[in-house]
Amino acid sequence: MVSNKGRRKRLTTGAVAVAAAGLSLGAVTLGGTASGATGAGAAAGAGRHARPTVVLEHGAFADASSWNGVVADLRADGYPVVAAANPLRGPASDAAALRTVLDHVKGPKIVVGHSYGGNVISEAATGDSDVKALVYVAAFLPAPGESALELTGKFPGSTLPDALDPVTYEQADGSTATDLYIQQDKFRHQFAADVSAKQAALMAAGQRPVAQAALEEKATTAAWRTTPSWAVVTTEDLNIPVAVQRYMARRAHAHTTEVAASHSVAVSHPRLVADVIERAAHATVR
């Protein structure tokens, strides 16, 4: 577990700089251009400029409430925040839904995606000049032609398939489709091992299913190719293996922060996630 009283380590080329307390000991920031400011410091720096709106997109097996701790920290630091509802039906249609939110929010924006939400923001933010930075939180950063399912299996380590509870149903046109849940008795271990048992039980009961087809649908665009990106990589993740997260983050040249956390890092480490978002804002919004 990460100590909130410890110091955060940040790796730079050929040296290790110890940052001020505020992030947990297990969090390591990779990439020479990433700022080491903690929440209060980042907010103070961002205070010299207009704060962008932070738009949060949740992923599979979750809902917008998974961002509650992050929202509270960002608002305390003066950031306007919108936590969008993700239909979890497929990257193209979900991105279309997210674009209605992005179009409604005026001015500069930082767009954040968790898990499968990374697929969605990568498509929704493409070509949007008001999106100044993308933040991927234990998330997929697909290239065109890649799916979430394909990326998950690129390196070993995911135990998600054995924890799934598939539900097949008939659609209005007579065809069948399958929704995927995580079995409730396996939810905490699989998805939220560093969250309290009480909180994990609530998350399991309220989880939103993802369409199996959504995880199989291939990306068509990649906003991270043209928009500065940040990534929170979770080293104890059982959904998206850490090797997969590192591979995608390196490919995107993302400013990367690693933390010993489960897939539910936004719930277990909201301050850390908020700090990364604020660093992205401070670096890109002038």
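**Figure 1. Overview of the predicted chain.** This is a predicted model, in which local features need pLDDT of at least 70 and side-chain atom pairs count only at pLDDT 80 or more, whereas totals for chains, interfaces and linings use all residues. Residues are numbered from 1 along each chain as its sequence is written, and side-chain values use heavy atoms, with hydrogens and water left out. The chain holds eleven helices and twelve strands, which are DSSP runs numbered from the N terminus (helices H or I, at least four residues; strands E, at least two). Of its 286 residues, 53% count as buried, where buried means under 20% relative accessible area, exposed means over 50%, and partly exposed lies in between (1.4 Å probe, protein chains only). Among the contacts in the chain with a separation of 6 or more, 69% come from residues 24 or more positions apart, a contact being heavy atoms within 4.5 Å.

**Figure 2. An open sheet of three strands.** The strands follow the order S8-S9-S10 with antiparallel pairing, and two strands count as paired if DSSP finds at least two bridges between them. Strand S8 (164-170) and strand S10 (210-211) are the edge strands, each of which pairs on one side only. S8 and S9 run antiparallel and are joined by seven bridges, with Leu164 standing opposite Ile182 in S9. Strand S9 (residues 176-182) also pairs with S10 in the antiparallel sense, over two bridges, and here Leu180 has Val210 in S10 as its bridge partner. The hairpin of S8 and S9 has five residues between the strands, and in this hairpin Gly174 takes a positive phi near 95°.

**Figure 3. The largest pocket.** About 300 Å³ of space lies in this pocket. On a 1 Å grid over the protein atoms alone, a pocket is an open set of points with protein on both sides within 12 Å along at least five of seven lines, a cavity is a set of points where a 1.4 Å probe fits but cannot get out, and lining residues have an atom within 4 Å of a point. Grid points are joined across faces, edges and corners, and a volume is the space filled by probe spheres set on the points. The largest pocket is lined by 20 residues, of which Leu149, Thr152, Leu160, Leu164 and Leu215 are the closest to its centre. Helix H5 (148-152) and helix H8 (212-216) each contribute at least two residues to this lining. By class, the lining comprises 13 nonpolar, six polar and one charged, where Ala, Val, Leu, Ile, Met, Phe, Trp, Tyr, Cys and Pro count as nonpolar, Asp, Glu, Lys and Arg as charged, and the others, Gly among them, as polar.

**Figure 4. Two loop residues with positive phi.** Ala138, in the loop between strand S7 (131-137) and H5, has a phi near 45°, a positive value in a residue other than glycine; Ala138 counts as buried, at 0% relative accessibility. His253, in the loop between helix H9 (242-251) and strand S12 (255-259), has a positive phi near 55° and is exposed, with a relative accessible area of 70%.
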